[in-house]
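Good morning, and thank you for coming. Please look at the structure on the screen while I describe it.

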Amino acid sequence: MSLNDRWIGAELSGVERELACNTKYENVGYVEYYRNDPRYFYLHPSPFLKTRPSVLYVADPSVVPQGPPPEHRFIRVHVIDEERQPLDAMGNDWLTFRDIGGWEEFDVSSLARQRKIMDFHEVIEFFAYPYDGEADCIEEIAGCSALFAFSAPPMHDETGGIRSAVFGKKHQWDVFRRPFEIIPKEFRRVNSYYYYLFSNTETAVRKSEGEINQAVLKPQKLIADIPVAIDNESGKKLSPEYRDVLKEESGIITGQLLDGLFIRPESTAAIEKVMTEAVYELREEYLSSGQRPFRQNISGAIPKLASSYARLQSSSDIRKDDIKYVMDLWSSMSHKTEKIQSSALKVRDAFALTGDAKTLYYRLSDVYGADCPIPFKDAVKTSSLDPLDFKLAYESLEERGYCLIVKNNLTLLEPYTKE
């Protein structure tokens with residue numbers, strides 16, 4: 001569907017509905033400059049709903065102490081004067097000019113968390129509709145699909161999103177993609193901040209910001225956050241009546257998805273400790289097999305997946321249960337991929353650390369040891385590496401499971417030893 005095709009209230013996100021219809025938020029919205037001039041701007045209900053504004057806000061630099069607001073941010077303005085002017089000789093079309101005396105950023109996540117049209121279990125159930133097979137297996141596939149749909153916010157200045165390695169036959173891949181009609185077509189364009197790619201061949205994504213979600217059929221090179229195994233499941237035949245119900249539900253879930261994208265879940269120190277333990281568990285399980293049919297993002301996957309699951313629940317906090325859910329889901333799917341993939345990738349050959357990665361690990365280990373959060377600025381200074389080489393080095397360590405990146409800290413993990 002297109003974002004411009006939404007016309008009933010249930011298809012709007014909670015944020016859009018509140019900002020568009022509730023007079024309490026009359027002067028709150030998403031900033032768009034008029035003709036690239038920051039002194040004049042519109043306020044939209046969201047970046048996804050560009051209305052035809054009847055109000056133009058004026059930020060005179062001599063009146064507004066902090067200057068005009070930044071574009072593409074949610075703000076609340078303080079109006080000090082208002083004037084209406086006709087746009088045609090008949091007086092049928094008017095534009096209101098509102099002078100502001102100041103503005104402040106507005107956190108819309110509180111509005112996003114209020115949406116309760118569908119319970120998150122119902123959202124997962126929606127992703128199960130096209131499959132015929134064993135209920136428990138279908139529920140796991142649906143869980144992976146829901147995590148992919150709700151994406152993950154960027155972390156430590158890196159891109160967000162979920163990368164899924166899908167294993168199954170071509171007809172099962174087609175079934176997998178069916179529920180993702182809920183993703184607006186605008187999000188399938190690479191220039192979108194929220195980008196979703198479905199491909200049965202590996203494709204390089206030339207994009208360095210935002211949230212990048214990639215689902216690839218039987219990838220060889222993609223470093224995946226979670227595998228999705230579709231084994232004995234097949235497509236289900238649907239009646240015309242049921243298709244109508246699904247179409248109605250899909251619009252509601254799209255609105256719920258848009259709200260989820262406004263939420264950036266946070267973790268506490270206690271949760272980060274649980275997350276670190278989960279990364280150790282994932283690494284042990286992944287590397288102990290010697291080879292897997294996919295390349296795994298060992299250290300970065302759990303934080304991403306847990307953030308996505310929190311978004312799915314309209315929660316701004318990552319909880320211990322969230323980590324357990326995504327870890328159990330990853331573990332189950334990881335084992336299933338071994339059974340259905342005949343030509344396994346020799347992972348040990350694919351995960352060679354670079355010289356700078358080894359250097360970074362040993363230098364930081366000498367000073368800080370393992371399991372100690374190291375601020376990025378201190379890690380760069382201690383490593384004595386060029387900033388670009390430092391970035392490439394810690395990404396290599398993260399992929400291999402030798403470090404964990406949380407917020408603006410780097411934590412070394414104990415080296416893996418196979419017993």
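Is Phe187 buried or exposed? Phe187 has a relative accessible area of 3% and is therefore buried; buried means under 20% relative accessible area, exposed over 50%, and partly exposed in between, with a 1.4 Å probe and protein chains only.

Before I continue, a note on the source: this is a predicted model, in which local features need pLDDT of at least 70 and side-chain atom pairs count only at pLDDT 80 or more, while totals for chains, interfaces and linings use all residues. Residues are numbered from 1 along each chain as its sequence is written, and side-chain values use heavy atoms, without hydrogens and water.

Phe48 is likewise buried, because its relative accessibility is 6%. Across the whole structure, a search gives 29 aromatic pairs, that is, rings of Phe, Tyr and Trp (its six-membered ring) with centres within 6.5 Å; planes under 30 degrees apart count as stacked, over 60 as edge-to-face and the rest as tilted. The ring centres of Phe48 and Phe187 lie 5.5 Å apart with planes at 70°, so this pair is edge-to-face. The two residues are 139 residues apart: Phe48 belongs to the loop between β2 (37–44) and β3 (55–58), and Phe187 to the loop between α5 (170–177) and β8 (194–199).

Let us turn to the chain. Its secondary structure comprises 13 helices and 16 strands, which are DSSP runs numbered from the N terminus (helices H or I, at least four residues; strands E, at least two). Of the 419 residues in the chain, 53% are buried.
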